[in-house]
Amino acid sequence: MNNIQRVLISVSEKKGINNFAQGLRDLGIEILSTGGTAKQLSGGGIAVTEIADYTGSPEILGGRVKTLHPKIHGGILAIRSDEKHTAHMKENDIKPIDMVVVNLYPFESVIKKENVELAEAIENIDIGGPTMLRAAAKNYEFVTIVTDPEDYNDILNELEKNKGSISSDTNLKLAIKAFSYVARYDAAISNFLGAVDLTGQRDKFPSSYTIYMDKKMKLRYGENPHQQASFYVQSDLEIPCVSNSVQLQGKELSLNNIYDTDAALECVKDYNETACVVVKHNNPCGVAKDERL
C-alpha cells in the first residue's frame, strides 16, 4: 500500500480536476501545483502550494522550466526503503511526493488544425510533464501516477476505502497506462516532425513513422481456430472503418470476421446509393444497390 500525503497536480486537460483535488483535500492530503492549474484550484477555493513557493525557484522561460527541480524529482524518484535515498532527501530538504497527477500539452489536437505553424506545434511539446510522468511511473512502488481524468473517481474511492492509501496493483496498472500515454505522445511528435523539412513545409510521408495502437478487443481466434489473437487499432482514426466500429451483438469475433467485415464495409463505401455486399472468405461474392435498403 502507498500512503498518500502529498500530491503534485499539473494538468493541461482540467476536466474534473477541481472535484478531484477537493476530494484529496477532504482526505487531508497536501497539494502542490503549477501555473494555470494552481490558479484554477485556488480560484475554486482549494488550498494549494505553488511549485515556485515549494522549491524556492521561480517559473522561468515563459513557463518552460517550472517542475525540473531536485525537490520535485527527488521527491518523486526516491526509493523510500533505501537508506541512502532517505539520507539524501534529509540532507537536501526534499519531501516525498506520493502522487503525481499530470496530463500533457495538447500537441495532438494542435497539429490537427489546418495550416498549423511549426512554431506553434513546437511550443506545444511538453517537457516537464513527460519527465514527471516517467519518473512517477518508474517509481510506481512508492508513487501513484494519474494521467486520465476518467480515473479520478476510482482513485478517490480507493483512497477512502483504504484510509488514504493506494494498492500496489493499482499503482502498477496506472504506471503501465502512463507509459503507454507518453509513448503515444512521443509517436505523434515524431511523426509530425518527421514530415517537416528545413523550410517548414510538410511532406505527406514522414522520414520515419511510429505506429501506436490500442487493444480494441481479444478475438475468438486468429485465421485458424488454434491461434490466439487480439485486434489492435489506431486511436486517432476519423474515417468510418471497421477499426472504429462498435459490435452490437453476437459472439466474440475472429480475425476472419474482421477481414470479412472490413471487405464488406470498404466495398459498400464505393457506392453513393444504398448498397449491400455479401462477403465470404474476404471476397465480395454478391453486390446489390437500390433506392431503399
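Modeller: Gladly, and please keep in mind that this is a predicted model.

Biologist: How do β2 and β3 pair, and over how many bridges?

Modeller: They pair in the parallel sense, over four bridges, and within that pairing Arg6 has Glu30 of β3 as its bridge partner.

Biologist: And which strand do five bridges join to β2?

Modeller: That is β5, residues 99–103, which runs parallel to β2; here Leu8 has Val100 as its bridge partner.

Biologist: Is β2 enclosed or open, then?

Modeller: Six of the six residues in β2, which spans residues 6–11, are buried, so the strand is largely enclosed by the rest of the structure.

Biologist: Which residues sit on each side of β2?

Modeller: In a regular strand, side chains alternate between the two faces of the sheet. In β2, Arg6, Leu8 and Ser10 lie on one side while Val7, Ile9 and Val11 lie on the other, and all of them are buried, which leaves both faces covered.

Biologist: Switching to helices, at what angle do α1 and α9 pack?

Modeller: The angle between α1, residues 17–26, and α9, residues 152–161, is about 10°, and their axes are 10 Å apart. Because that angle is under 35 degrees, α1 counts as roughly parallel to α9.

Biologist: Which residues meet there?

Modeller: From α1 come Ile17, Asn19, Phe20, Gly23 and Leu24, and they meet Tyr152, Ile155, Leu156 and Leu159 of α9. Of the residues in this contact, seven are nonpolar, two are polar and none is charged.

Methods
Residues numbered from 1 in each chain as written. Predicted model: local features only at pLDDT ≥ 70, side-chain atom pairs only at ≥ 80, totals over all residues. Heavy atoms only, no water. Buried < 20%, exposed > 50% of the residue type's maximum accessible area, 1.4 Å probe, protein only. Helix = DSSP H or I, 4+ residues; strand = E, 2+ residues; numbered from the N terminus. Pairing = 2+ DSSP bridges. Axes fitted to C-alpha atoms, helices over the stretch in contact; angles between N-to-C directions. Parallel < 35°, antiparallel > 145°, perpendicular 65-115°, else oblique. Contact = heavy atoms within 4.5 Å. Nonpolar A, V, L, I, M, F, W, Y, C, P; charged D, E, K, R; others polar.
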